[in-house]
Amino acid sequence: MEKRRRERILILAKTYPSPSSKYSETSCVAGITDKGVMRRLFPVPFRLIERGQQFKKWQWIETLIEKAPADHRRESHKIYVDTISCRETIEPKRNWTDRLPWIDKIPSFTNFGEIEASRLAHGTTLALLRPKQLVELLITDADSPDWTDEEKAILLKDEMQGNLFTEEEARQHVKELRKVPYNFHYRYVCDTPDGEKAFQHKIVDWEAGMLFWNCRTSHGKGWEIPFRAKLGEQLPGKDLMFLMGNQHRFPHQWLIISVIYPPKQKSEESPQGSFQF
């Protein structure tokens, strides 16, 4: 059995939190070590860890981890939340000069089919996809606009463990973890040996969820216009990339766990301006 060890990890992905029967409230977190090795970290209950431990994308952390015994994906590791120490953040200054070397260390593909082939052949379950072209941002209603009673019960149970919160306080926390009532998908094309092929994957990036709530707060029922302006119109002017991660129970099913968007070379720079969530 692989022993616990402390690692320095650059966070590249945080997914929007969801209830989990095993871990209550979790977020999928992925990053790359200072040695250039990909890591998937869980469980990470973002709202329950101390504020000083609530790290963000492109921030270095130091933490104690060990290989997850029940998750055989090679990148998957258990994180000991109480050992997290947040370090410096790599800012996007100078056209992402300090970020690009780390992007280049991620297993990278230009065709989604090659990612799935790499999973089958080599066990790859975290990979960077560089699509040829973004075709469409799809927005559809979620199956339910709110958490189910069972999901709320799971969240309440976790909030009240160890008497950290009264029942009233716990219910308020659960209310604050709002379910995004829509699903967001990117439809895109890649070059394949058989010519261009279209693919479609769900976006679960935390920043996409927070962008929705920010647009809903500032524009009410008109939230979709600014939301599409950022995710569907401004991003194609960048060097758009998807950090892809597969699901444990359904390994052939992949999600966009992080949208990465460095600027193109200066001569190719989009006139639409810079994009930030």
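Are Phe 112 and Phe 199 buried or exposed? I looked them up, and Phe 112 is buried, as is Phe 199. For my own bookkeeping, buried is under 20% relative accessible area, exposed is over 50%, and partly exposed is in between, using a 1.4 Å probe and protein chains only.

Ground rules for these notes. The model is predicted, so local features need pLDDT of at least 70 and side-chain atom pairs count only at pLDDT 80 or more, while totals for chains, interfaces and linings use all residues. Residues are numbered from 1 along each chain as its sequence is written, and side-chain values use heavy atoms, with hydrogens and water left out.

**Aromatic rings**

I searched the whole structure for aromatic pairs and got 16. Rings of Phe, Tyr and Trp (its six-membered ring) pair if their centres lie within 6.5 Å; planes under 30 degrees apart count as stacked, over 60 as edge-to-face and the rest as tilted. Phe 112 and Phe 199 have ring centres 5.5 Å apart and planes at 65°, so I logged them as edge-to-face. Phe 112 is in helix 3 (residues 112–122) and Phe 199 in strand 13 (residues 195–202), so this pair ties together parts 87 residues apart in sequence. Helices (H or I, at least four residues) and strands (E, at least two) are DSSP runs, numbered from the N terminus.

Next I checked Tyr 188 against Phe 199: this aromatic pair is stacked, 5.8 Å centre to centre with 25° between the planes. Tyr 188 sits in strand 12 (residues 182–192), eleven residues from Phe 199 in strand 13. Tyr 188 and Phe 199 are both buried.

**Charges over rings**

I count a charge as over a ring if NZ of Lys or CZ of Arg is within 6 Å of the ring centre and within 35 degrees of the ring normal. Arg 8 lies over the face of Trp 60, 4.5 Å from the ring centre. Arg 99 has its charged end over the ring of Trp 96, 4.7 Å from the centre.

**Helix 1**

Trp 96 is in helix 1, and its 5% relative accessibility makes it count as buried. Phi of Trp 96 is near 65°, a positive value in a non-glycine residue. Arg 94, also in helix 1 (residues 93–96), has a positive phi near 55°. I flagged these because most residues other than glycine have a negative phi.

**Helix 7**

Which residues are buried in helix 7 (residues 224–234)? I found Pro 226, Phe 227, Leu 231 and Gln 234. Down the helix 7 axis they fall within an arc of 125°, so they line one face; the arc is that of the directions from the helix axis to the C-beta atoms. Their cover includes strand 11 (133–141), strand 12 and helix 6 (206–219), with contact meaning heavy atoms within 4.5 Å.

**Strand 4**

Five of the five residues of strand 4 (residues 29–33) are buried, so the strand is largely enclosed by the rest of the structure. Strands pair if DSSP finds at least two bridges between them. Strand 1 (residues 5–14) runs antiparallel to strand 4, joined by five bridges, and Ile 9 has Thr 33 as its bridge partner. Strand 5 (residues 38–42) also pairs antiparallel with strand 4, over four bridges, with Gly 31 opposite Arg 39. Strands 4 and 5 form a hairpin with four residues between them, and Gly 36 in that turn has a positive phi of about 85°.
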